[in-house]
Amino acid sequence: MSENNGAPVVRFEHVFKSFDEKKVLADVCFQIAAGQSFCLLGRSGAGKSVTLRLMIRLLTPDRGAVFVKGKNIAEANSQTLNDLRRHMGFLFQDAALFDSLSVAENVAFPLRRHTRKSEKEIRDVVREKLRHVELEKEENSMPAQLSGGMRKRAGLARALALDPEILLVDEPSSGLDRITASEIYGLLRGLKEKKKVTIVMVTHDPAGARGFADRFAVLDHGAIVACGTVDEVENSQNSLVRELAEGSET
Amino acid sequence: MSGIAESTVSLLSTVGELGIFGLKAVRESIRPPFEGAEIIHQLYEIGWRSGPLVMVSGFAFGVVLAMETGASMARFGAEAMIPQAVSMGLFTDIGPVVTGLLVSGRIGAGIGAQLAGMKVTEQIDALESIAVDSFKYLVVTRIAACVIALPILTLLLNYSGIAGGMLAEMFARQVSMHQFLNEAFGPMGWSDYIPPTIQTLVFGFIIGTVSCFLGYTASNGAVGVGRASTRSVVFSSMLLILSEVILEKIILFWFS
């Protein structure tokens, strides 16, 4: 396993999570350094999305601790939780855009809630974020009028509205063709390189993430079975790990 | 037999969860931050947009009430009592319940489907992820809007009903507007207005809480959305009628 370069911004300590009788995570431990791109791989139902949701407390662990920026998010009071969430962005698998709001209003929503910016400043930030994801022409469109790739990009613009330090990304390429998926990966790569955002990504498509992910972890049967650089994971003794790391290119 | 026992336990469990949900809504409604802008938006959606339905229905009820009571009272030569029968019938009995049922049909289904849709498409999680208390933002605001809107809508229905009844009487018995209004409102006091208004506050709380609960806790994708929508109307209407019986007893006890 590779060593981390910076202080960990996310740390899982012996995390367990079950739904009724079904154990999803069992004694999961790992950490992610600031500015790192971390890619979580695993078969469907391995608990990848659950892991991502634990990081922002959309779920809470049954046992163990999830530290974000040094604070145990699972036990944080509402003030601390909201402070932490303001430093995080979440790109949902299906973008989860608010369907009663236009694209621009979706991006403006976090700004209106958490900043004291004037309407003009908000409009400028919205335009900048939409330009960044190449959606400036769709600012007045409603989510239902967008294609899958556009929705993802709009979701990314909303997730980036508050300039988060940590970006959580759930299946960025699911339901998209290879070209559109590579555009999304390109945007994520740009965020890592230019803005030094810590990216935690769950994906079935490690090939797309290979260009910019610093570390990969593989979840299987609720446990981390491999964690390291692309080369370390690809050369793992575990055949499942190798298969998942090589992804759809093989 | 075990099926009945399981259904009973499940029903009691749902009632318990609904009670906790309602209490949480009350607690959160008095704790800052207050979502004033969203409450106003919901008042527009729930109150203002229900206005035409309530007014038209009220007007029609007024006409029917005047015609029906007119036919009965004519037998006893008590036609002069028709305006009073219309106003008392609307303000103290029919108005609150009919408004409650109309709003529960229009708004209950809407809230249930909207929140359930947001739940299954992860929009509620998206709200949480951007540090917005989804319960406060989605649930408390809708319940507050229902509680505020119901008394106003009830008054709207009642006065539309009076207008309908008056029009029917003006055509049927050539009663003047002045005479009708005098006879309709003359014998009415505050005790005829206040208890039904309190009743509608409770109806608003029931409609808002039940539909928000069923929408906010929905699951199972599109099926869950449809189920939440249907159940919102069914359960809020049932609870509304049940509470009408209980409130009627309380009102009789307190105000008689």
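Author: To begin, helices (H or I, at least four residues) and strands (E, at least two) are DSSP runs, numbered from the N terminus, and two strands pair if DSSP finds at least two bridges between them. This is a predicted model, where local features need pLDDT of at least 70 and side-chain atom pairs count only at pLDDT 80 or more, while totals for chains, interfaces and linings use all residues. Residues are numbered from 1 along each chain as its sequence is written, and chains are lettered from A, with ligands numbered from 1, in the order in which they are written.
Reader: Ok, so which residue stands opposite A:G42 in β9(A)?
Author: That's A:L219. Strands β3 (residues 37-42) and β9 (residues 215-220) of chain A run parallel, joined by five bridges.
Reader: And what's the strand order in the open sheet of chain A?
Author: β6-β7-β8-β3-β9-β10, six strands with mixed pairing. β6 (88-91) and β10 (223-228) of chain A each have a single partner strand, so one side of each has no neighbour in the sheet.
Reader: New topic: at what angle do α1 and α6 of chain B pack?
Author: Helix α1 (residues 2-29) and helix α6 (residues 134-173) of chain B pack at about 95°, with axes 10 Å apart. Axes are lines fitted to C-alpha atoms, for helices over the stretch in contact, and angles run from 0 to 180 degrees between N-to-C directions. The helices α1(B) and α6(B) are therefore roughly perpendicular (65 to 115 degrees).
Reader: Which residues of α1(B) make the contact?
Author: B:A25, B:E28 and B:S29. Contact here puts C-beta atoms, placed from the backbone, within 7 Å.
Reader: How many residues does the contact between chains A and B take from each?
Author: 14 residues from chain A and 10 residues from chain B.

Notes: Contact = placed C-beta atoms within 7 Å. Parallel < 35°, antiparallel > 145°, perpendicular 65-115°, else oblique.
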